[in-house]
Amino acid sequence: MKEVLLNLRKRQGLSQDGLAEKLFVTRQAVSRWECGETVPNIDTLKLISTRFDIGINELLGIPLSGTCQSCGMPLGQEIFAEEDENSLNPNYCKWCYENGTFTSDCTMDEMIEQCIPHMGWEDPEKCRKFLRGVLVNLERWRSA
């Protein structure tokens, strides 16, 4: 969240004092948020969201896509990948990514074949075509 808040403040042309004034907090509170020492309470997050027209998920650094950027599975916090034992990676599911690396170095075509049985489609060829159209737009496969 610290980077998102810092970038938001700078885009608005505000100093830490200026942001603090708009949010009814101290400059020191803003500094601690931007250093990652603390995070705003829920009421302050709501105020930031409203004042600066930014979603709370976006403010917290949770991707808007809501899908694993490797397999395309819809994501929820309970299946976010672990970056390490202290942090989650909200870009990938726990089956595709773990401890800073992909769990498999498969190709996109191999990923498609792994996903087909879980999709529940009657026609595997239609499913394959659909998945190819989805995966090609995901972060992991864009440059592949």
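A: Helix H6 gives the largest share of the lining of the largest pocket, five residues. Helices here are DSSP runs of H or I with at least four residues, strands are runs of E with at least two, and both are numbered from the N terminus. The model is predicted, so local features need pLDDT of at least 70 and side-chain atom pairs count only at pLDDT 80 or more, while totals for chains, interfaces and linings use all residues. Residues are numbered from 1 along each chain as its sequence is written, and side-chain values use heavy atoms, with hydrogens and water left out.

Let's stay with the pocket. Its volume is about 360 Å³, meaning the space filled by probe spheres set on grid points that are joined across faces, edges and corners. A pocket is an open set of points on a 1 Å grid over the protein atoms alone, where a 1.4 Å probe fits, with protein on both sides within 12 Å along at least five of seven lines; lining residues have an atom within 4 Å of a point. There are 18 lining residues, and Cys71, Met73, Met111, Cys115 and His118 are the closest to the centre of the pocket. Two elements give two or more residues each to this lining: helix H6 (108–119) and helix H7 (124–135). Sorted by class, the lining holds twelve nonpolar, five polar and one charged residues. Nonpolar covers Ala, Val, Leu, Ile, Met, Phe, Trp, Tyr, Cys and Pro, charged covers Asp, Glu, Lys and Arg, and the others, Gly among them, are polar.

Now for the rest of the chain, which has eight helices and four strands. Read from the N terminus, the order is α-α-α-α-α-β-β-β-β-α-α-α.

Helix H2 (residues 16–23) packs against helix H3 (residues 27–35) at an angle of about 110 degrees, with the axes 8 Å apart. That makes H2 roughly perpendicular to H3, a label for angles of 65 to 115 degrees. In this pairing, Gln16, Asp17, Leu19, Ala20 and Leu23 of H2 meet Arg27, Val30, Ser31, Trp33 and Glu34 of H3; contact means heavy atoms within 4.5 Å. Five of the residues in the contact of H2 with H3 are nonpolar, two polar and three charged.

H2 also packs with helix H4 (residues 42–52), at about 105 degrees and with axes 10 Å apart. So H2 is roughly perpendicular to H4. Leu19, Lys22 and Leu23 of H2 make this contact with Leu47, Ile48, Arg51 and Phe52 of H4. The residues here divide into five nonpolar, no polar and two charged.

Conventions
Axes fitted to C-alpha atoms, helices over the stretch in contact; angles between N-to-C directions. Parallel < 35°, antiparallel > 145°, perpendicular 65-115°, else oblique.
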